[in-house]
Amino acid sequence: MGLLRMMMPPKLQLLMVVAFAVAMLFLENQIQKLEESQFKLERAIARHEVREIEQQHTMDSPWQDAALDEEEDMVVIYNRVPKAASTSFTNIAYDLCAKNKYHVLHINTTKNNPVMSLQDQVCFVKNITSWKEMKPGFYHGHISYLDFAKFGVKKKPIYINVIRDPIERLVSYSHFLRFGDDYRPGLRRQKQGDKKTFDECVAEGGSDCAPEKLWLQIPFFCGHSSEFWNVGSRWAMDQAKYNLVNE
């Protein structure tokens with residue numbers, strides 16, 4: 001192959017490079033179109049499933065008959081970024097809930113996965129919007145932002161979050177894996193017994209202190225598309241900024 005390339009005229013080599021670049025751009029464009037089509041399809045399916053659930057509840061349960069006033073109907077979702085003082089902040093919510101007459105509920109996903117399947121998203125939206133006995137409610141958990149409007153919900157929950165300097169958050173995460181915290185001191189952590197400092201971890205290329213983990217805060221403001229977890233994605237960053245401003 002190397003000999004064949006040497007025998008080719010420079011213009012032909014340049015033409016082949018340009019053709020390859022054009023082909024790659026075409027493929028990238030087609031992939032983006034497929035992802036957009038998939039997103040629209042998932043949105044349509046989700047709306048359809050929510051309508052079916054709402055119709056079923058209209059026939060089976062009386063919750064829709066009792067209208068709640070604005071304050072009683074309030075739902076706040078704290079979709080916690082890990083190692084950004086989220087436990088301390090949540091403890092404040094627990095301390096104040098009885099006095100201020102609201103409910104605190106933990107969103108506990110399998111393996112703490114912040115991304116839910118489409119079916120789980122539908123159930124999540126239905127449960128939160130229809131569970132009037134738990135309103136006003138304060139929900140918290142490590143879960144990516146979910147746009148309730150795409151499921152046909154008119155009154156969306158209020159989203160709040162706390163972010164942290166990315167490097168400070170990563171240092172805290174690395175320390176947490178080795179030494180845990182005061183919240184559950186008896187729980188054995190992933191790196192327990194590893195006495196490396198953060199600098200030593202970085203110097204040795206440790207997985208828990210890899211630069212890619214600086215990205216982790218961004219997807220919590222984006223959504224549930226796999227693209228949002230691609231480190232450095234401009235689309236993900238723009239979506240995170242949009243949701244931060246508008247939601």
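1. Rings of Phe, Tyr and Trp, the last taken by its six-membered ring, pair if their centres lie within 6.5 Å. In this predicted model, the count by that rule comes to six aromatic pairs.

2. One of the aromatic pairs joins Phe 124 and Phe 148, with 6.1 Å centre to centre and 65 degrees between the planes, an edge-to-face arrangement. Distant parts of the chain are linked here: Phe 124 belongs to helix H4 (residues 118-130), whereas Phe 148 lies in the loop between strand S3 (137-141) and strand S4 (158-160), 24 residues apart. Both Phe 124 and Phe 148 are buried.

3. For Tyr 145 and Tyr 159, the ring centres are 4.8 Å apart and the planes stand at 65 degrees, so this pair is edge-to-face. Tyr 145 is in the loop between S3 and S4 and Tyr 159 is in strand S4; the pair links distant parts of the chain, 14 residues apart. Tyr 145 and Tyr 159 are both buried.

4. Two further ring arrangements deserve mention. Tyr 78, Phe 89 and Phe 138 are linked into a cluster by ring pairs. At Phe 176, the charged end of Lys 83 sits over the ring, 3.9 Å from its centre.

5. The model has one disulfide, formed by Cys 201 and Cys 209 with their sulfur atoms 2.1 Å apart. The torsion about the S-S bond of Cys 201 and Cys 209 is about -100 degrees, and the disulfide is therefore left-handed. Cys 201 is buried at a relative accessible area of 2%, and Cys 209 counts as buried at 4%.

6. As to other cysteines, Cys 222 is buried, with a relative accessible area of 5%, while Cys 123 is partly exposed at 34%.

Note on methods. Residues numbered from 1 in each chain as written. Predicted model: local features only at pLDDT ≥ 70, side-chain atom pairs only at ≥ 80, totals over all residues. Heavy atoms only, no water. Disulfide = S-S within 2.5 Å. Buried < 20%, exposed > 50% of the residue type's maximum accessible area, 1.4 Å probe, protein only. Phe/Tyr/Trp six-rings, centres within 6.5 Å; stacked < 30°, edge-to-face > 60°. Helix = DSSP H or I, 4+ residues; strand = E, 2+ residues; numbered from the N terminus. Lys NZ or Arg CZ within 6 Å of the ring centre and 35° of its normal.
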